[in-house]
Amino acid sequence: MAFELPDLPYAYDALQPYMSKETLEFHHDKHHNAYVETGNKLLAGSGLEGKSLEEVVIGSYGKNQALFNNAGQHFNHIHFWKWMKPNGGGAIPGSLEAKIKEDLGGVEKFKEDFIEAGKGQFGSGWAWLALKNGKLEVMKTPNGENPLVHGATPLLGVDVWEHSYYIDYRNRRPDYLKAFIENLVNWEYVEELYSKAK
C-alpha cells in the first residue's frame, strides 16, 4: 500500500497565532510530503509492500533504517495534524482525564512532564503520551521513532524537530510546547485513540 499525503483537516491559517500558515505550508507540503515520496521509493523491494503503515514501521525498525525513518515520520505526521485543531486545548474528556489522574498524578503534572519530555529530547524527535500494558506513560523518542516500536500505543505526540516551530518560535522550544498543550491539542482525537487502545 503506497503512502499518501493526507490533506490537513483545517485551513493553513486555522491554527494561528500558535502555529502559522507559513509553518504548516512548509511542514505539511514540504517535509511531510518528502517522507511520503522517499518512503514510497524505499518501500519498493523492501519485502514490506502491501503491509499496513504500522506494520511497515514495526517491520523496518532496526532492519531498514532509511525506510523506518520515512515510514515512522509519515505515521507520526498523519496523527500530528489530527492532534491539533483550531481553539484546541481546554478540557480533557472525562474517561481520559480520569486515567491521566490515576496513572500520571493529575492533569497539571502530566502537562508539566509532557513539556519537560519535549524540552529534554536532545536534537530532533518527539514527546508522547502513550498507553503501554494498560497504563499511560509520558515518553520521548529521537528522530522518527515512536511508541509503536516500544510496545506502546501513541495517543498524543508533539513534534520537536526544529521545522515544526522555528518559523514561529525560533529557538524557544518551551514556548512552542506550552502553546501546543494549552491551545492546540485536539483532546477528542486523543480520547478516540485511547478508547480504541484500551
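Entry 1. Helices (H or I, at least four residues) and strands (E, at least two) are DSSP runs, numbered from the N terminus. I am working on a predicted model, where local features need pLDDT of at least 70 and side-chain atom pairs count only at pLDDT 80 or more, while totals for chains, interfaces and linings use all residues. Residues are numbered from 1 along each chain as its sequence is written, and side-chain values use heavy atoms, with hydrogens and water left out.

Entry 2: the record. The unreviewed entry lists residues 3-84 as "domain: Manganese/iron superoxide dismutase N-terminal". Over residues 3-84 I find 60% helix and 0% strand.

Entry 3: Which residues does the record name for it? Under "binding site", the unreviewed UniProt entry gives H27, H77, D159 and H163. These residues span 137 residues in sequence, yet no two of their C-alpha atoms are more than 12.6 Å apart, so they gather at one spot.

I took H27 next, which sits in helix α1 (residues 21-43). H27 counts as buried because its relative accessibility is 0% (buried is under 20% relative accessible area, exposed over 50%, partly exposed in between, with a 1.4 Å probe and protein chains only). I then listed what H27 touches (contact means heavy atoms within 4.5 Å). Leaving aside neighbours within four places in sequence, H27 is in contact with H32, H77, F80, W81, D159, H163 and S164.

H77 is in helix α3 (residues 65-82). Its relative accessible area is 0%, so H77 is buried. With neighbours within four places in sequence left aside, the contacts of H77 are H27, H32, Y35, W126, D159 and H163. What joins the side chains of H27 and H77? I find a polar contact of 2.9 Å between them (a pair of N or O atoms within 3.5 Å; within protein, one must be able to donate a hydrogen and the other to accept it, and residues adjacent in sequence count only if both atoms are side-chain atoms).

Entry 4: helix α4 and the helices it meets. The axes of α4 (residues 94-104) and α5 (residues 107-120) come within 8 Å and cross at roughly 75° (axes are lines fitted to C-alpha atoms, for helices over the stretch in contact, and angles run from 0 to 180 degrees between N-to-C directions). That angle makes α4 roughly perpendicular to α5 (65 to 115 degrees; under 35 is roughly parallel, over 145 roughly antiparallel, the rest oblique). From α4 the contact uses E97, I100 and L104, and from α5 it uses V107, K109 and F110. I sort these residues into 4 nonpolar, no polar and 2 charged (Ala, Val, Leu, Ile, Met, Phe, Trp, Tyr, Cys and Pro are nonpolar, Asp, Glu, Lys and Arg charged, and the others, Gly among them, polar).

I also checked α4 against α8 (residues 187-197), where the axes come within 9 Å and cross at roughly 75°. α4 and α8 are therefore roughly perpendicular to each other. S95, L96 and K99 of α4 meet W187, V190, E191 and Y194 of α8. These divide into 4 nonpolar, 1 polar and 2 charged.

Entry 5: two lysines. A polar atom of the K99 side chain lies 2.7 Å from the backbone oxygen of G134. Beyond four places in sequence, K99 is in contact with L104, L131, G134, K135, L136 and Y194.

K119 is in α5 and counts as partly exposed, at 39% relative accessibility. K119 and R173 are 54 residues apart along the chain, and their C-alpha atoms are separated by 6.7 Å. Not counting residues up to four places away in sequence, K119 touches R173, P174 and L177.

Entry 6: backbone exceptions. Most residues other than glycine have a negative phi, and most peptide bonds are trans. Against that, I noted the peptide bond from Q16 to P17, which is cis with omega near 5°. P17 is in the segment before α1.

N143 is not a glycine but has a positive phi of about 55°. It lies in the loop between β2 (135-142) and β3 (153-159). At 40% relative accessibility, N143 counts as partly exposed.

R170, also not a glycine, has a positive phi of about 50°. R170 is in the loop between α6 (166-169) and α7 (173-184). At 47% relative accessibility, R170 counts as partly exposed.

Terms used
UniProt positions are given in the numbering used here, feature names are shortened, and annotations may be inferred rather than shown by experiment.
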